Structure formats: structure tokens, C-alpha cells
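Please read it alongside the sequence and coordinates.

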Amino acid sequence: MEKLWWQEEVVYQIYPKSFQDSNQDGIGDIKGITNRLDYLQNLGVTMLWICPIYRSPMDDNGYDVSDYRSLAPEFGRMEDLDELIQEAGKRKIRIMLDLVINHSSDEHEWFQKALEDPKSKYHDYYIFKDGKERPNNWRSIFGGSVWEKVPGREEYYYHTFGKKQPDLNWENEKLREELYDMVNWWLDKGIAGFRIDAITFIKKDLTWSDREADGVDGLSKCTKSSRTQPGIGVFLHELKENTFDRHRCVTVAEAPGVPYEDLDDFIGKDGYFDMIFDFRYADLDIASGSEWFKRIPWTVKELGEKIMASQMAMQKYGWAANFIENHDQPRATSKYLQEAQDNPDAVKMLGAMYFFLRGTPFIYQGQELGMVNFKRDSIGQFNDLSSIDQYNRSMEEGLSKEEALEIVNLRSRDNGRTPFPWNQERYGGFSQHTPWLMMGEEYPRINAADQVGREGSIYEFYKEMIAFRQEGPCRDTLIYGEIAPLASSENVIAYRRFTDTETIYCWFHFGKEAVKETLPQDHMQTVWSSQKEVYITENQLVLQPYQAILMRGK
């Protein structure tokens, strides 16, 4: 396999609104990120993925772009971004930005001109349909119809997500050329690449036919008609050919809905992207990413099976982007560990389980501290559009207010978006001003100041784990080696990483009672463990509760 630079990266995702406020307005900003580069360098990460910082009315916290070539003033000026790129570069940290090109804000100049003049070229930059009634019964990701009426006209526009996020019309060649020019403009500024948002939604079923209703609202999930549709490959290939191929950049796609058998088109040698995120194991506790109220019980064995199915499919065709948290997910500690969320051994084991998978690891801000979900008392305390929609849909589907609130607390995207806790002061040192989003705790128990430099802390564990992957004696196997599942007990996820010359066996114990695993070889050597003691008896490895162990075979 050809070795590529981005396979060795350790990526840290930043939600800029919540990372560090440098000017005390309650909103995180670019200078705040620059001011914390030493923290990130000390951790050992090599690339930052920064969620959208473009000009935006912030209806969906930046995923509604009103100007692709300027920054949101609350985040700072372009000079601040140039400084961040330069200062990060001095620390050998690259910068990746978010790219949101399925839709724009309804406050974008293009959309405003489309509304002003239905005969202008910009009208065809979006998807409009004439009529007195909505064209079909598709439901948007954030709830309600995908069609919003244009005021004063018998016309509707299409939005996959919020009503202030009209979809761009990728069938229009002129629109695509505008987007490509913008992408190249950013890459020429010196960023390392893009995480591409919601890219599998750019192609729609152009018959615009009704679908069978799947909810009491009489609507049908738009994912059935506007995600990974036939013909999307033409657009994605053209995007790559006109932008990414012209730069030494990395691309990571948010590409839900891609069947494993189609991965060759997406991440193969000539794929549209370098990596994609797979959400199958991230959403194992719900029916789908857009229906939180349909809860599904799961076991550690099922989690392991989903992870390994993903890994084997990614390995067959290309490279994985591995994660357990992001800005659209609740905290992994609460979701995967549940009652053990506050157990440091459990948090460390969970981090190691995904970190040593085959692929590039992504860490979400606060994950390295073991942050947990919050508990909100009312729906009025939520900011996230999706959370508010899910609360209302849950009650439409028969849940009580109390049940709906519990569901939203469990899955809210706000869980991962609370301001970063730097210390135990009020608002956690994030800001001296009341933050834009209520914190999990006003005086955070979990915070960076308590963990940096403290032996045994979760932060120091992540730092050591990163160093072991990047610089340890098994680095080539742990980065470039192949992966295969390993038989194990019910509460243990196990796999092996291997090359022609070395095999590393990996066990991750999710249980609270010690368990024995048969060693595949005699005289194996422990190369890394999340706990100090490793117990072996009669060719059996005795895993302690919530222990992760890596051993070298012959």
C-alpha cells in the first residue's frame, strides 16, 4: 500500500464557538484557538479540523454560510486566521477547515438575489418549484417539510436541513464552477484540506415523487430521495478533478448512506475523497441519526461487530477516519460507557479501543479530558435545532414531555458543544462573560488545568497514547498495518494489527469484572497497557475491569 502523509496525522476537532473566548464576549474565536496552540502541541496532535468559521447568521452554528470568502465577525478577521495557520505551522500542526457546499444560508447574496428576481441566474443556483401546494411529502433532517414557501409567490424552495439552509442546485454547471473557484481560493491560502459536510445530499431524485410516509406527520425521510442518489458520482468526480487534485491536500467526507460495496468509488485509489466517516457504530443506539426517539438496546459484542465490519470494509478499499465523538454526537463516555462514564479506567480503555484501529484518529475537543453529557431541565435550555425538533417529534410519536426530554438529553448535539472547561473558575476559564451556550457545570469538575501534567489523568493518558502511536516501537504496525477481528469474551472488543514482520494483539475490556482471554501464542510480550499491572496465568491473559492491553506476537 502506498504510504500517504495524512495517514500519520492525529486530528483534533475544534468547535470554535466553544473552544476559547479571547475577547470576553461569551463566544469562542480564532485568536482563542491560537492562544491554546501550546496545549494542543503538548497533547501531540498534528492537525486541527475547525468547524465552520465563515460569515453566517448562525442559525445552525455556522453550517449556514452567508459568505464563503469572509469570516464571521464574532470569530475574528482573516488576519487572525492567517496568524493561526502560521503559528500552528511553527508547531508542525496543520489546519483543516469545514466545507459546506450542499446548502448555503438564506442570507447568502445568491439566495437573496434569487428571491428578488426569479429570472436572474441565481434563481437556478437553488431548487425552486412552482405551485400552490408543496411538491412532495419529504421530511427535512431537522423536521417538517423540505419545502418552504417563498413569501408573496406561489413557489417553494428546497432545504434538506433547516428552513434557513436552502440547498444549492448542483444540477447547475455555473453554480458548480462558482463553488470550485471558492474551494481553490481557500486551498491556495495554505490550509491542509477540508472536512466536507453532508456531501452525499447534493444529488436529488429528480422525479420529486412522494414516498410512503414513515411518521405520524405523514412525511417521509428525505434521506430516501436525496442521499447517495444515482448520478452523484459525476458531481463528486468533477469536484475532485477541479479542486482537490490540484493541491496537496487531504479530504475527509461526511458521507452517510454510502453502502460498503460502493466504498471503492469514495475512498479507493481513485476515490472522490481520501477518507470518510462511517456512522454505523456511532448510531447503534438509535434507529437512525434523525430519529433519536427510536432507541435500540445494544451490547458490547454488537458494538465490536459494527466497528470491525466498518474496519474490514474500509481496509478493503481505502482508509478510515476513526472517531467516537464529534460536534453532532453526544459524549462517548456517556453513550458507550453509561454508568461507568466517570470511571477514568473505562474512559481510557474506550479511547484506546478506537485510537489503535486502522485509519487516521480524530479527537473531539474535551474528549481528551473525559467530558460527559449534561442534564438539562427544560427544552428552553437547548440551542441545537435538531434537539428542539427531536423533542417535538418525540411527543408527536407518543412520548411524554419527560420522556422526550430524557431522549434529547441523551442524544443532543449540544452535549459536545458546551464551552471547553480550561479550569475550575466560573465558566471554566472559557470566558469571563456568560457563554453563548450553558455549560455542563458552571464551575467544571472536569477541566484541563486539573489534568495537564497530573500523572494518571485522562489527558496525560491521551498524550502518552498519541506518542506511542506516533513514535513508539510499533508505530509502523499501528499506523500502516492491516487489521483483523480477534475472538474474545462478550464484554471484550479485540483485534490484531499486523504487517509481514509483526503482529500486535489488542484487547479492550468493557466489563466491571476480571475476565480471562486465551493468548494466541506462547511467550507474548506486553507492549502497552492502559493500567500498570498485566496479569498472565497459564497462557491466559487476565483482563482487569476496563483494561486495554496490546501484546506483540512472534
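**Barrel, open sheet and helix packing**

Strands β1 (residues 11-14) and β17 (residues 360-364) run parallel and are joined by three bridges. Val11 has Phe362 of β17 as its bridge partner. The model is predicted.

**The barrel**

- Eight strands form a closed barrel with parallel pairing, in the order β1-β2-β5-β10-β12-β13-β16-β17.
- On average, neighbouring strands of this sheet are turned by 25 degrees against each other, direction ignored.
- Helix α11 (residues 344-355) lies across β16 (319-322) and β17. The helix α11 runs at about 145 degrees to β17.

**The open sheet**

- Antiparallel pairing links five strands in an open sheet, ordered β18-β19-β20-β25-β22.
- Its edges are β18 (482-485) and β22 (525-529), each of which pairs on one side only.
- Here, too, neighbouring strands are turned by 25 degrees against each other on average, direction ignored.
- Seven bridges pair β19 (residues 492-498) with β20 (residues 503-509) in the antiparallel sense. Phe498 stands opposite Thr503 in β20.
- Helix α9 (residues 300-317) packs on this sheet and touches β18 and β19. The direction of α9 makes about 145 degrees with that of β18.

**The α12/α13 pair**

- Helices α12 (residues 385-396) and α13 (residues 401-411) pack at an angle of about 145 degrees, and their axes are 9 Å apart.
- Their crossing is right-handed.
- From α12, the contact uses Ser387, Gln390, Tyr391, Ser394 and Met395. From α13, it uses Lys401, Ala404, Leu405, Ile407 and Val408.
- Six of these contact residues are nonpolar, three are polar and one is charged.

Key. Residues numbered from 1 in each chain as written. Predicted model: local features only at pLDDT ≥ 70, side-chain atom pairs only at ≥ 80, totals over all residues. Heavy atoms only, no water. Axes fitted to C-alpha atoms, helices over the stretch in contact; angles between N-to-C directions. Helix = DSSP H or I, 4+ residues; strand = E, 2+ residues; numbered from the N terminus. Left-handed = near helix turned anticlockwise from the far one by under 90°. Contact = heavy atoms within 4.5 Å. Nonpolar A, V, L, I, M, F, W, Y, C, P; charged D, E, K, R; others polar. Pairing = 2+ DSSP bridges.
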